[in-house]
Amino acid sequence: MSYIVETVEDFFAKLDKMQQELAKFSQEIDDRSEKIPALLRNFEKAVFASSEDMKLSSKNAVDKAAQNSLANLRTSIESWRHKTELDRKGREFIQKNEKYLVVMIFGAVKTGKSSLGNFFGSMQNLVGFWISHIRRTA
């Protein structure tokens, strides 16, 4: 019995370590992701502040090309801003629902779909029972 207790405790210790490493990695990603909008705003300010100093006319071919480039750059920046906002919303959704698992089971009638669902539903209680039982007997 002590072998089982040691194995289970070792398994949970490894899970805890993995969870800490994943949390650290996730925090690093979140920190970097939070910096992106500010970097994008600074980039936009730098580019368009310098372009305002230029006297661009629509008669000169070089000026027209510069205006087109600035317009394309503005469109790209708006696209980046939109994509980073979608990414932020997606990360918020994941954080809010990270402890849930959605499983869809398809099959013919009377093939055990409900039994499988009931089995997984009871596993949560069974695992909790065995963990508490093992720790009490150790």
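Which residue forms a salt bridge with Glu 85, and how far apart are the closest N and O atoms? The partner is Arg 88, with the closest N and O atoms 2.2 Å apart, where a salt bridge is taken as a side-chain nitrogen of Lys or Arg within 4 Å of a carboxyl oxygen of Asp or Glu. This is a predicted model, in which local features need pLDDT of at least 70 and side-chain atom pairs count only at pLDDT 80 or more, while totals for chains, interfaces and linings use all residues. Residues are numbered from 1 along each chain as its sequence is written, and side-chain values use heavy atoms, with hydrogens and water left out.

**Overall fold**

- The secondary structure of the protein chain amounts to three helices and zero strands, and read along the sequence the pattern is α-α-α; helices (H or I, at least four residues) and strands (E, at least two) are DSSP runs numbered from the N terminus.
- Of the 138 residues in the protein chain, 9% are buried, where buried means under 20% relative accessible area, exposed means over 50%, and partly exposed lies in between (1.4 Å probe, protein chains only).
- Leu 70, a residue of helix α2, is buried with a relative accessible area of 16%.
- Leu 70 and Val 47 are 23 residues apart in sequence, and their C-alpha atoms are 8.5 Å apart in space.

**Salt bridges**

- Side chains of opposite charge can pair when their charged atoms come close.
- The count for this model comes to seven salt bridges.
- Glu 85 and Arg 88 both belong to helix α2 and are three residues apart, about one turn of the helix; Glu 85 is partly exposed at 31% relative accessibility, and Arg 88 is likewise partly exposed at 31%.
- Arg 88 also meets Glu 92 in a salt bridge (2.4 Å, N to O), and because these two residues are four apart in helix α2, about one helical turn separates them; Glu 92 is partly exposed, with a relative accessible area of 42%.
- Salt bridges that share partners also join Asp 30, Asp 87 and Arg 91 into one network.

**The largest pocket**

- Rolling a probe the size of a water molecule over the atoms shows where empty space is left.
- A pocket is defined on a 1 Å grid over the protein atoms alone as an open set of points where a 1.4 Å probe fits, with protein on both sides within 12 Å along at least five of seven lines, and its lining residues have an atom within 4 Å of a point.
- About 240 Å³ of space lies in the largest pocket, the volume being the space filled by probe spheres set on grid points, which are joined across faces, edges and corners.
- The lining of the largest pocket has 15 residues, of which Ser 33, Glu 34, Pro 37, Arg 88 and Arg 91 lie nearest its centre.
- Helices α1 (2–53) and α2 (61–96) each supply at least two residues of this lining, and α2 gives the most, with eight residues.
- By class, the lining has three nonpolar, three polar and nine charged residues, where Ala, Val, Leu, Ile, Met, Phe, Trp, Tyr, Cys and Pro count as nonpolar, Asp, Glu, Lys and Arg as charged, and the others, Gly among them, as polar.

**Surface patch and loop**

- Val 103, Ile 105, Leu 116, Phe 119 and Phe 120 form a nonpolar patch on the surface, with about 470 Å² of accessible area together; patches are made of residues with over 30% relative accessible area and no salt bridge, with like charges joined within 9 Å and nonpolar side chains (Val, Leu, Ile, Met, Phe, Trp, Tyr) within 5 Å, and accessible areas come from the Shrake-Rupley method with a 1.4 Å probe, only the protein chains shown counting as cover for residues.
- Leu 116, found in helix α3 (residues 113–137), is partly exposed, with a relative accessible area of 34%.
- Lys 110 lies in the loop between α2 and α3 and is exposed, with a relative accessible area of 80%.
- Phi of Lys 110 is near 60°, a positive value in a residue other than glycine, whereas most residues other than glycine have a negative phi.
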